[in-house]
Number of protein chains: 4
Amino acid sequence: MATHSDTRIKVGIVGGTGYTGVELLRLLSQHPQVELVAITSRKEDGVPVSDMYPNLRGHVDLKFSTPENANLEQCDVVFFATPHGVAMSQVERLLEAGVRVIDLAADFRLQDTDVFQKWYKMEHSCPDILSQSAYGLPELLRDKIAQAKVIGNPGCYPTTVLLGLAPLLEGALVDTQHLIADCKSGVSGAGKGASVPNLFAEASDNFKAYGVSGHRHHPEIVEQLQRLAGGPVGLTFVPHLVPMIRGMFSTIYARIKPEAMDTDFQALYEQRYAKEAFVDVLPAGTLPETRSVRASNQLRISVQRPGNGDQLIILVVQDNLVKGASGQAVQNMNILFGLPEQTGLKHVAILP
Amino acid sequence: MATHSDTRIKVGIVGGTGYTGVELLRLLSQHPQVELVAITSRKEDGVPVSDMYPNLRGHVDLKFSTPENANLEQCDVVFFATPHGVAMSQVERLLEAGVRVIDLAADFRLQDTDVFQKWYKMEHSCPDILSQSAYGLPELLRDKIAQAKVIGNPGCYPTTVLLGLAPLLEGALVDTQHLIADCKSGVSGAGKGASVPNLFAEASDNFKAYGVSGHRHHPEIVEQLQRLAGGPVGLTFVPHLVPMIRGMFSTIYARIKPEAMDTDFQALYEQRYAKEAFVDVLPAGTLPETRSVRASNQLRISVQRPGNGDQLIILVVQDNLVKGASGQAVQNMNILFGLPEQTGLKHVAILP
Amino acid sequence: MATHSDTRIKVGIVGGTGYTGVELLRLLSQHPQVELVAITSRKEDGVPVSDMYPNLRGHVDLKFSTPENANLEQCDVVFFATPHGVAMSQVERLLEAGVRVIDLAADFRLQDTDVFQKWYKMEHSCPDILSQSAYGLPELLRDKIAQAKVIGNPGCYPTTVLLGLAPLLEGALVDTQHLIADCKSGVSGAGKGASVPNLFAEASDNFKAYGVSGHRHHPEIVEQLQRLAGGPVGLTFVPHLVPMIRGMFSTIYARIKPEAMDTDFQALYEQRYAKEAFVDVLPAGTLPETRSVRASNQLRISVQRPGNGDQLIILVVQDNLVKGASGQAVQNMNILFGLPEQTGLKHVAILP
Amino acid sequence: MATHSDTRIKVGIVGGTGYTGVELLRLLSQHPQVELVAITSRKEDGVPVSDMYPNLRGHVDLKFSTPENANLEQCDVVFFATPHGVAMSQVERLLEAGVRVIDLAADFRLQDTDVFQKWYKMEHSCPDILSQSAYGLPELLRDKIAQAKVIGNPGCYPTTVLLGLAPLLEGALVDTQHLIADCKSGVSGAGKGASVPNLFAEASDNFKAYGVSGHRHHPEIVEQLQRLAGGPVGLTFVPHLVPMIRGMFSTIYARIKPEAMDTDFQALYEQRYAKEAFVDVLPAGTLPETRSVRASNQLRISVQRPGNGDQLIILVVQDNLVKGASGQAVQNMNILFGLPEQTGLKHVAILP
């Protein structure tokens with residue numbers, strides 16, 4: 001087994017007590033080319049991971065350790081499933097040791113450090129590293145990711161909105177000043193922190209909007225949309241909370257430009273994503289539902305144009321914890337290490 | 001008690017086995033001016049209503065009866081909680097007997113009988129009565145309702161979209177060609193019929209859109225919007241299904257006209273609905289949630305204008321079975337019989 | 001109105017920010033004989049109650065105030081919807097002012113102060129007052145409640161288990177050494193405190209037991225059962241958590257004594273509770289469900305004896321926040337002030 | 001690939017449109033030693049499986065076919081995910097063709113054909129084949145399964161109750177006349193048939209018991225318990241419905257015999273199941289929850305003895321569609337074909 005072990009990717013996870021952490025553990029423990037070597041939590045030091053997450057009993061034998069004892073420098077790659085600001089404080093040391101870094105928080109998502117500071121209320125501590133990092137959305141930036149040493153894994157909402165709009169903006173087919181993304185997320189997107197609004201008795205049998213006046217994913221989406229459009233973009237973004245554990249559904253509205261009214265949008269999307277293993281363009285007339293991707297890395301897109309008018313509706317679903325977070329992070333790892341992108345990510349969604 | 005009884009409104013319900021039926025029973029059995037005299041169901045003839053709906057044990061002693069035995073002609077008002085097409089087949093006979101009719105189905109919602117026939121796949125059997133009926137949305141058509149003998153109780157989606165957009169269209173303040181209503185409904189809106197997509201194991205922990213290519217409430221909304229706007233209106237309408245029992249949330253997007261950019265929209269809505277007991281315009285900056293109206297006849301509206309731009313977002317919540325159906329029907333009955341509009345409808349919403 | 005106001009009961013609530021608090025407000029704001037005069041929360045001082053609980057908008061105009069400013073001494077009755085230990089620290093002062101006290105926490109539930117201290121980790125500060133208080137389960141102790149100045153409102157689990165077992169123990173019909181109560185509660189029973197296990201993403205789509213090795217309601221149930229049985233009682237009590245907001249379901253197993261095998265248990269229960277407005281013994285063969293009592297003060301009981309053997313199964317449902325807490329507290333208030341017991345408590349359960 | 005294909009097990013599924021069918025497809029499509037060759041549904045003939053179950057898009061290319069066209073005789077094994085009575089009508093033909101049969105319905109669960117006829121309202125059509133079939137609970141009957149040509153896959157409730165009680169009955173440690181199984185199931189256990197009680201609006205935010213006077217799994221459990229006990233057994237069995245999609249939780253009560261009071265029950269269970277990959281005996285003091293096994297073939301058991309008394313509580317969780325149905329069927333297939341029992345069944349449970 002030594003030989004085999006030698007060729008596997010040594011993986012460390014910093015801050016593995018939250019939902020993206022346990023989801024990384026679920027995926028990585030079943031990944032054929034990965035050796036999990038450390039997972040850190042200062043608070044849970046010494047506690048077996050499977051005590052906190054009983055689904056891992058029999059699958060993951062690791063205990064949480066302090067960052068100091070984790071020997072992360074000996075890893076090939078370290079995932080940060082931490083609050084914003086942690087990864088950027090540790091990345092330099094790891095890069096010096098030759099370790100690649102995938103941050104599931106926001107430290108390496110926004111290239112504009114002023115925007116970062118405005119929304120995350122902290123100064124960016126390593127703008128040089130940031131400028132060389134890659135935004136980890138493989139379907140848009142695969143080549144850059146392959147070359148990067150630091151990956152900023154996208155937010156959950158941005159993944160759906162960007163993959164939903166990319167074909168339209170790449171083709172300059174719609175009015176980019178009045179885009180609308182009406183997005184709906186399962187409650188796990190809010191994380192595992194104890195908070196009253198996310199209690200079962202508060203969030204169940206209820207539906208609400210939040211962050212209408214401003215949400216951190218808004219500037220992230222806009223920055224990437226502007227890169228795609230090659231100019232300023234206007235986006236109205238309204239996130240909502242759905243009483244379900246996992247799942248994200250984005251209903252995106254775009255007005256077709258007069259000169260693009262003859263476009264076959266169904267064909268456009270099918271061709272754009274023809275080679276993408278994780279983006280499934282549904283047949284014309286088919287609508288997606290979040291459970292069709294539950295616990296899988298799949299993202300599904302439906303293109304709708306009612307009455308063949310000028311209003312296009314793009315419907316996108318994903319599992320916010322997989323393609324919207326940990327699955328995408330593993331996908332990025334596969335790219336970084338030259339593995340087939342689907343390695344360890346072929347799970348069939350759980351339905352019902 | 002005889003004297004008291006004489007002054008109470010004698011009420012009959014046709015087809016009371018569905019969700020709007022049981023909700024009518026819940027509301028009417030607690031209404032101080034109502035005497036429930038008959039409820040019909042051919043299939044359940046002779047069965048106590050409370051056998052089917054145990055929440056009514058101790059509150060409603062009626063048994064289901066056949067329409068023939070129900071003596072509906074002796075009622076003051078008859079509610080139809082039936083499939084589309086039933087009310088219009090019976091209304092003439094009841095009107096001749098001096099009975100007023102409130103239909104919770106679609107027979108008296110659309111004034112355009114061609115549109116009705118297109119969407120409901122049946123010819124309208126009494127266009128003359130239809131033309132004299134009132135569309136039962138009190139906040140828009142109270143005077144007409146008070147004079148009518150037949151009320152077409154609005155659909156659940158239309159109630160939210162119409163009350164959400166009325167102040168804007170009445171004031172000609174927005175682009176009426178590109179209105180968007182992104183609506184979300186609890187599963188009870190689909191009724192009590194046994195169907196696979198509405199099973200718990202299908203609808204729970206899931207979110208989906210439906211009817212994107214066409215939904216019966218679309219022409220109903222458009223007909224009323226056009227009346228308000230005094231001309232053609234373009235509306236994109238996308239209904240979604242939320243894993244909750246009751247509740248409806250509509251996120252409405254409208255573009256402000258250049259000449260209306262100085263409007264104080266918060267004040268506009270507050271003034272428009274200042275006298276409406278059942279329409280609550282939330283304070284600026286406050287967002288609604290469906291549970292704040294659960295099991296009550298309240299509808300709440302929030303007006304949002306991110307960044308003071310040209311995109312207005314109107315958020316509307318209601319309980320689809322109350323203000324969206326049976327509660328509104330009772331409100332219409334109160335108007336018909338000259339009662340204070342809140343009579344029997346002051347229930348506080350259930351939270352949590 | 002002055003005259004009317006004079007005859008209404010002046011009510012204060014201490015600690016109204018939790019679920020039993022908002023439920024008291026819902027019920028009391030619709031109670032025809034109550035005038036809400038104060039609600040305290042040191043933390044929310046000055047905040048309108050309806051800002052925290054938007055369902056109360058238009059129904060309750062009160063603001064939270066500090067206990068010091070609340071003038072609770074001028075109330076006729078004060079409800080404590082506080083953590084354990086608060087009521088007993090303030091009750092003496094209120095009693096001296098002639099105010100009656102209903103505590104929804106545990107301070108006046110257990111007569112045995114040693115048991116209290118063991119389970120609640122605090123010494124009882126007023127055993128004299130405790131000894132004169134009444135355990136507020138009207139169907140068992142109505143006369144004592146009517147005479148008391150302090151009421152200890154029962155726990156939610158005890159209400160179901162005690163009313164479920166009372167007829168059997170009063171008649172000495174079952175083996176009292178091996179009673180089993182397998183109880184299931186909705187998540188609101190855990191209160192509104194922010195805690196990870198009660199997050200939606202943790203509690204939804206999940207079922208678990210808790211407190212198997214010991215739960216505070218166990219000694220409370222046993223103390224009352226022993227009173228009923230006139231001797232020691234052995235009870236196995238296993239609480240479980242159900243992914244629903246409200247509702248409690250207790251499945252109780254008792255072995256029929258050989259000499260009682262001829263008992264007509266259905267008749268026994270029907271007769272025992274014939275005059276009780278809030279206890280509904282279901283017809284033979286009918287099983288209860290929690291939604292049949294959702295948001296109402298009703299408790300329903302079904303008596304089952306499979307194969308006419310020696311094993312009796314008693315199934316009991318209630319809304320844990322109403323008959324299991326705030327509704328029962330209002331019922332106790334009605335008794336204290338000589339009102340008909342159903343006053344303000346006739347709400348029909350919400351179904352669906 | 002031909003060589004590889006030759007060594008894989010050719011699998012057919014009869015009646016794959018229900019939940020056990022789609023779950024078989026999810027598991028078998030990821031099973032490294034299986035080749036899916038046919039899935040039948042007369043009604044859906046010609047429809048791609050992934051049209052009905054979009055989670056299978058990209059994973060299963062099969063179309064439904066009629067039984068006639070499915071060439072099931074060329075399979076190595078055929079699973080019946082059909083209503084009761086179908087498998088026994090087709091099994092003879094398949095056995096003659098050398099095909100092994102695993103029935104997920106009840107045709108080969110009960111050895112006593114009179115009991116079968118009483119509960120399933122049909123005569124058993126092949127008692128000879130029945131008598132040579134094996135009851136497919138590997139942890140109890142592995143050797144018999146390995147030799148059998150026909151497997152009757154256990155019901156979901158029986159799997160939990162039998163594995164929960166086996167160590168106690170094998171050791172004759174408890175009173176077998178008064179066993180109690182208080183069981184709770186997710187709604188998917190009721191199948192995918194359209195029925196009002198299983199609608200989201202009926203089953204959500206609700207908890208109820210059902211089948212108290214008699215449930216088909218009762219005789220199945222008793223038959224196996226009696227085999228284990230070597231004599232008559234008395235079991236009270238109360239199934240309940242939990243508002244969750246998947247998951248089963250059984251709370252089992254057994255009275256310890258006086259002579260067995262010194263038993264170390266924790267050690268007993270740990271030893272009994274030490275070699276079982278799919279039975280996880282939790283550490284003392286740990287309680288199970290259903291989500292810890294969601295979408296996995298794991299079953300977890302906790303042994304509780306409050307106060308070291310004579311009442312034992314065994315808590316068992318499983319996913320009703322996996323270990324309680326399709327996963328167990330695949331486990332049986334692995335045994336039948338001499339594969340390591342965990343092949344294709346190592347999925348980590350989905351949490352959250």
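# Working through the interfaces of a predicted model

## Exercise 1: Chains D and B

**Solution.** 

Step 1. Check which surface each copy uses. Of the contact residues of chain D, 100% recur in chain B, and the same surface serves both copies.

Step 2. Look at the area. About 1,600 Å² is buried between chain D and chain B, and carbon and sulfur atoms give 75% of that. Within chain D, the residues that lose the most area to chain B are Leu199(D), Phe200(D) and Ile245(D), together 42% of what that side buries.

Step 3. Find the element that gives the most.

Step 4. Sort the residues by class.

Step 5. Finish with the pairs. Between chain D and chain B there are 0 salt bridges, but 4 residue pairs are in polar contact.

## Exercise 2: Chains C and D

**Solution.** 

Step 1. Start with the symmetry again. Chain C superposes on chain D by a rotation of 180 degrees with 0.0 Å of shift along its axis, at an RMSD of 0.0 Å. If you want to find that axis in the structure, go to Pro243(C): of the residues of chain C, this one comes closest, with its C-alpha at 3.2 Å.

Step 2. Compare the surfaces. The copies meet through the same surface, because 100% of the interface residues of chain C are also interface residues in chain D.

Step 3. Count. Here 41 residues of chain C are in contact with 41 residues of chain D.

Step 4. Read off the area. Chain C and chain D bury about 3,400 Å² between them, with 56% of it on carbon and sulfur atoms.

Step 5. Turn to the pairs. There are 6 salt bridges across this interface. To see a salt bridge for yourself, pick Asp205(C) and Arg294(D), where the closest N and O atoms are 3.3 Å apart. Chain C and chain D also have 26 residue pairs in polar contact.

Step 6. Name the elements. Those giving two or more residues to the side of chain C that touches chain D include β8 (179-186), α9 (200-203) and β10 (235-242) of chain C. By class, this side of chain C divides into 19 nonpolar, 10 polar and 12 charged residues.

## Exercise 3: Two domains in chain A

**Task.** Find the domains of chain A and say which residues supply 49% of the area that domain 1 buries against domain 2.

**Solution.** 

Step 1. In chain A, the domain assignment gives domain 1 (2-132) and domain 2 (157-320). Their C-alpha centres lie 27 Å apart.

Step 2. Count the contacts. From domain 1 of chain A come 15 residues, in contact with 13 residues of domain 2.

Step 3. Get the area. The two domains of chain A bury about 1,200 Å² between them, 53% of it on carbon and sulfur atoms. The residues we want are Tyr19(A), Arg109(A) and Trp119(A), which supply 49% of the area domain 1 buries against domain 2, more than any other three residues.

Step 4. Look for charges that pair up. Between the domains of chain A there are 2 salt bridges. Arg109(A) is also in a salt bridge with Glu220(A), at 3.8 Å from N to O.

Step 5. The interface has 6 residue pairs in polar contact. On the domain 1 side, α2 (19-29) and α5 (113-120) of chain A each supply at least two residues.

Note on methods. Residues numbered from 1 in each chain as written. Chains lettered and ligands numbered in written order. Predicted model: local features only at pLDDT ≥ 70, side-chain atom pairs only at ≥ 80, totals over all residues. Heavy atoms only, no water. Contact = heavy atoms within 4.5 Å. Buried area = accessible area lost by both parts, 1.4 Å probe. Salt bridge = Lys/Arg side-chain N within 4 Å of Asp/Glu carboxyl O. Polar contact = N/O pair within 3.5 Å; in protein donor to acceptor, adjacent residues only side chain to side chain. Domains from an automatic or database assignment. Helix = DSSP H or I, 4+ residues; strand = E, 2+ residues; numbered from the N terminus. Least-squares fit on C-alpha atoms with pLDDT ≥ 70 in both. Nonpolar A, V, L, I, M, F, W, Y, C, P; charged D, E, K, R; others polar.
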